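The sequence and the structure are shown first.

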Amino acid sequence: MVEGVCGACHLEGKNNAPRIGDAKAWAPRAAQGLTALTDHALNGIRSMPAHGGSPGLSDVEIERAITYMVNQSGGNWVEPIGGATPAVVRTSESIVNGQCSKCHRTGENGAPKIGNREDWLPHLKKGMDKLVASAVNGHGPMPARGGLSDLSDDEVRGAIVYMFNYGVPATPPPQPVSQRNPYRKVVAGTDIYLGIMSADRLRASPAVGVAPGSIPEGKGYYHLNIALADDKSQVPVTDARVRLRVSDGMTMQTKNLELVAANNTVSYGAFFRLSSGNSYNITAEVQRAGETRPIRANFEFRAP
Ligand code: HEC
Ligand code: HEC
């Protein structure tokens, strides 16, 4: 089937079809996972016709054909046995228990252990997006997508967060600021805390998770940090994307915050340059995983 139908284009690489056996052409595509690739092959993408031009092929035949081509091109996927791509959304818990736990429960070959924050923090310091990409692509003894080629990127992300948060007691974490502090806002069930520390103070207290080499030289730099927690459970939220907009009316700086791992928890931060004496309006835009829209919180800060 592959030779007959798909091979018409994929053997020669017609119209830039990724050639069977061309590992370089397939690697970035394979990295999207079987679910996404099957979707593209079923619906067509650019000059790739829907169903490879053969509407009679079933979903699983397409999946097998893709798996075959990926495996002929440097991949190592397990052939789907039957049924279509799972329609049921798997929970992070079931993914971890069914697959990731094979190595991450005992820490086999140095796999960071489930629920062990000390194991996970150094990995999380890469930033969540990089960590997800790393798990998606695999490296060394860590197989691509943890060995489940049909996991979506979001499912991989969810599994990582589950392993990091596993067993965290539902008691409030140490509050970065007091409850009455203006730097705490509760929006749509999410606690949003703003922390501000000058670059000079950071240099003097290296324990806060910011690499000393990344602290900018020069006057007026502040590290702005957003910590998130679920308002009900007070479990830290570690899989959000956070953007800060900082404006004094005349100037505006916008940055995506990096994951900062310190003191047994994770927050999000970046450096901003603030002018002494100016009042700033700081808007945090928080996109939580699984939510369709970001939430926003506003803070005021006068640079001393
Ligand atoms: C008429 C030519 C043609 C045939 C037949 C064909 N393909 Fe393709 N295919 C392409 C082209 C061209 C691309 C590259 C599209 C692009 O990325 O712009 C492609 C890309 C793909 C991709 C990568 C999609 C992605 O998201 O990057 C998959 C998977 C794929 N084909 C599977 C198949 C399968 C399975 C069959 C057989 C059932 C098949 N193709 C038959 C032309 C073809
Ligand atoms: C066959 C064993 C095995 C399975 C199954 C497995 N892992 Fe891993 N994983 C490892 C090992 C070993 C490491 C440490 C490798 C290293 O960091 O070089 C690792 C590291 C990781 C890392 C850190 C990567 C980094 O760049 O720091 C993440 C994230 C991860 N695994 C996620 C997952 C997820 C999610 C699953 C389940 C879907 C999973 N793993 C399943 C063995 C496994």
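## Basis of the model

This is a predicted model, in which local features need pLDDT of at least 70 and side-chain atom pairs count only at pLDDT 80 or more, while totals for chains, interfaces and linings use all residues. Residues are numbered from 1 along each chain as its sequence is written, chains are lettered from A and ligands numbered from 1 in the order in which they are written, and side-chain values use heavy atoms, with hydrogens and water left out.

## Iron site of ligand 1

His10 (NE2) and Met48 (SD) coordinate the iron atom of ligand 1 at 2.0 Å. Donors are N, O and S atoms within 2.8 Å of the metal (3.2 Å for Na, K and Ca); water is not among the atoms, so sites may look incomplete. The 6 donor atoms of this iron make angles of 86 to 180°, and the site is octahedral (six donors, with opposite donors over 155 degrees apart and all others between 65 and 115).

His10 belongs to helix 1 (residues 2–10), whereas Met48 is in the loop between helix 3 (33–43) and helix 4 (59–72), so the pair ties together parts that are 38 residues apart in sequence. Helices are DSSP runs of H or I with at least four residues, numbered from the N terminus. His10 is buried at a relative accessible area of 8%, while Met48 is partly exposed at 25%. Buried means under 20% relative accessible area, exposed over 50%, and partly exposed in between, with a 1.4 Å probe and protein chains only.

## Iron site of ligand 2

The iron atom of ligand 2 is coordinated by His104 (NE2) and Met142 (SD), at 2.0 to 2.1 Å. This site is also octahedral, with angles of 86 to 179° among its 6 donor atoms. His104 comes from helix 5 (residues 92–104) and Met142 from the loop between helix 7 (128–137) and helix 8 (153–165), so this pair ties together parts that are 38 residues apart in sequence. His104 is buried, with a relative accessible area of 8%; Met142 is partly exposed, at 24%.

## Nonpolar cores

A nonpolar core is a set of buried Ala, Val, Leu, Ile, Met, Phe, Trp, Tyr and Cys residues joined through side-chain atoms within 4.5 Å. The largest has 48 residues, and Leu124, Ile192, Ile226, Leu228, Ile282 and Phe299 have the most contacts inside it. Helix 8 gives the most to this core, with 6 residues. Domain 2 (92–165) and domain 3 (184–302) both contribute residues, so the core lies between them; the domain bounds come from an automatic or database assignment. A second, separate core of 15 residues includes Cys6, Ala30, Ile62 and Met69.

Leu124 lies in helix 6 (residues 117–124) and is buried at 2% relative accessibility. Leaving aside residues up to four places away in sequence, Leu124 touches Leu131, Phe164, Leu259 and Val266 (contact means heavy atoms within 4.5 Å). The C-alpha atoms of Leu124 and Val260 are separated by 8.0 Å, although these residues are 136 apart along the chain.

The buried residues of helix 7 are Met128, Leu131, Val132, Ser134, Ala135 and Val136. Just after helix 7, Gly138 takes a positive phi of about 75°.

Arg145, in the loop between helix 7 and helix 8, is buried with a relative accessible area of 4%. Its side chain reaches the backbone oxygen of Leu151 at 2.8 Å. Among the residues that Arg145 touches are Ala30, Gln32, Ala135, Val136 and Asp153.

Technical notes: Four donors count as tetrahedral if all angles lie between 85 and 135 degrees; four count as square planar and six as octahedral if opposite donors are over 155 degrees apart and all others between 65 and 115; anything else is irregular. Helices (H or I, at least four residues) and strands (E, at least two) are DSSP runs, numbered from the N terminus. A polar contact is a pair of N or O atoms within 3.5 Å; within protein, one must be able to donate a hydrogen and the other to accept it, and residues adjacent in sequence count only if both atoms are side-chain atoms.
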